[in-house]
Number of protein chains: 2
Amino acid sequence: MTEPERLRADAVRNRTAILRATEELLTRYHPQQISMEQIAAAAGVGKGTVFHRFGSRYGLMRALMQERAQDLESAITAGPPPLGQGAPPRVRLLAFLTAVVDLVARNKGLLAALGPAAPVTTAPVTTASASVTTVPEQEPREAHPVYKSWHGHISQLVYQQRQDLDADMLAHVLLATLHSEPILNALQRGDGNRLDRTLRDLVTGLLPE
Amino acid sequence: MTEPERLRADAVRNRTAILRATEELLTRYHPQQISMEQIAAAAGVGKGTVFHRFGSRYGLMRALMQERAQDLESAITAGPPPLGQGAPPRVRLLAFLTAVVDLVARNKGLLAALGPAAPVTTAPVTTASASVTTVPEQEPREAHPVYKSWHGHISQLVYQQRQDLDADMLAHVLLATLHSEPILNALQRGDGNRLDRTLRDLVTGLLPE
DNA sequence: ACGCTACTGGACCGGCGGTCCAGTTGTCGA
DNA sequence: TCGACAACTGGACCGCCGGTCCAGTAGCGT
């Protein structure tokens, strides 16, 4: 998926140092509390290095997210059932949801750190007696790769079992769970099993055996 | 609920001007694109006035949210069925979800603007060779009043019909829907009925007649 | 009409995300 | 082994933003 992209030895060292420092900070603080300067300091590098490697705050979070999601990704596409191919869709979906809840629980702040969407450019200033010139409008922001992948997987499994449902929307609803602050708080308190059971109840209500 | 809190005439005028300007900007730009200075300029007041009235960005968004949620609130507590008391819980829940989806669809960026949670204080800077002194840790942030109200309403209705479910968690899951960027994008495209139908499917799967 | 006081608004502050570029250091061909 | 070039580094710097401050202003009670 990602090409090797030869990096210099020190670049590789600093890259991993930054990633490790970031996740260490994420376990202790809310994402909005963490500045790029803090990350750089904690990793023992300069701020310029962080931006040179990851481009932006969003890029850093995305890279970390992808790293964490890699195992699950390969388990789905190439692993054994019930996560991998072979089990009935309903079972695969339940297994996948359990795995995702677990992944998110172990990486508390990460989802909240980037939201499901890409970054944004700022809007122009307009005074009260405004000109009525061309309106820049907001365009929908694109979801990050991991979200897209998860959404595609869920909606596909749902569709295989129930063509009469709105699989696309249902997948969004199920994933929305993982971006809710109260739920992330619950996960941090160790209530992952409660969330897992609730999602299972919801899914089994729709996809009976 | 809110005491009258006598305000001077110009204060009232500016208060509403700020609220109107804010919601006007919210319909056109993503919340993160809007600065407090822009809001002040669009309302034709100084930045100090905005902060004097609302305290902070979060306070402004919360006030706007409460204003918008007021009608629904009174419809639930004092209005006729199916929103108000009198209908069976299952019917009331479905009616409530429809109403909330409609409310959010008509106030696109507002939910995203505050998230379900209160603001946050920033973390200290720590160098790589860090001291291992007292850890400030992140504490869970409290949800805003409207979220609390909605969550309480939903979980209560669920509990009335199914004591065996985790009504608390289920209510969080259902509400999480409204904080998801992809779903908010869908609402903006006019897909409110799709979301409504999906939520109905989920709920009817759990709460059969 | 007058004075008290709440309100106003723009200058100001600390800090943040992101840029820049001069200096440094791995890497690789000869 | 060594030189030179490109990639990497990091800290100074920039523009902007949320929030504060306070001198000036203007509603409101008397």
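## A leucine and its contacts

Setting aside residues up to four places away in sequence, A:Leu93 touches A:Ile154, A:Leu157, A:Val158, A:Val203 and A:Leu207, where contact means heavy atoms within 4.5 Å. This is a predicted model, in which local features need pLDDT of at least 70 and side-chain atom pairs count only at pLDDT 80 or more, while totals for chains, interfaces and linings use all residues; side-chain values use heavy atoms, with hydrogens and water left out. Residues are numbered from 1 along each chain as its sequence is written, and chains are lettered from A, with ligands numbered from 1, in the order in which they are written.

A:Leu93 sits in helix α5 (residues 89–106) of chain A; helices (H or I, at least four residues) and strands (E, at least two) are DSSP runs, numbered from the N terminus. Its relative accessible area is 1%, so A:Leu93 is buried (under 20%; exposed is over 50%, partly exposed in between, with a 1.4 Å probe and protein chains only). A:Leu207 lies 114 residues away along the chain, and the two C-alpha atoms are separated by 9.9 Å.

## Chain A as a whole

Chain A has ten helices and zero strands. Of its 209 residues, 48% count as buried. Among contacts between residues at least 6 apart in sequence, 67% join residues at least 24 apart.

## The nonpolar core

Of its 126 residues, A:Trp150, A:Ile154, B:Leu72, B:Trp150 and B:Ile154 touch the most other members. Helix α5 (residues 89–106) of chain B gives this core its largest share, ten residues.

Beyond its neighbours within four places in sequence, B:Ile154 is in contact with B:Leu93, B:Phe96, B:Leu97, B:Ala171, B:Leu174 and B:Leu175. In soluble globular proteins, nonpolar side chains tend to be buried together.

## The largest cavity

A cavity is a set of points, on a 1 Å grid over the protein atoms alone, where a 1.4 Å probe fits but cannot get out; lining residues have an atom within 4 Å of a point. The whole structure holds six cavities of 30 Å³ or more, and about 40 Å³ of space lies in the largest cavity (a volume is the space filled by probe spheres set on the points, which are joined across faces, edges and corners).

Among the residues that line the largest cavity are A:Leu202, B:Leu93, B:Leu174 and B:Leu202. Helix α10 of chain B gives the most to this lining, with three residues.

How values were computed. On a 1 Å grid over the protein atoms alone, a cavity is a set of points where a 1.4 Å probe fits but cannot get out, and a pocket is an open set with protein on both sides within 12 Å along at least five of seven lines; lining residues have an atom within 4 Å of a point. A nonpolar core is a set of buried Ala, Val, Leu, Ile, Met, Phe, Trp, Tyr and Cys residues joined through side-chain atoms within 4.5 Å.
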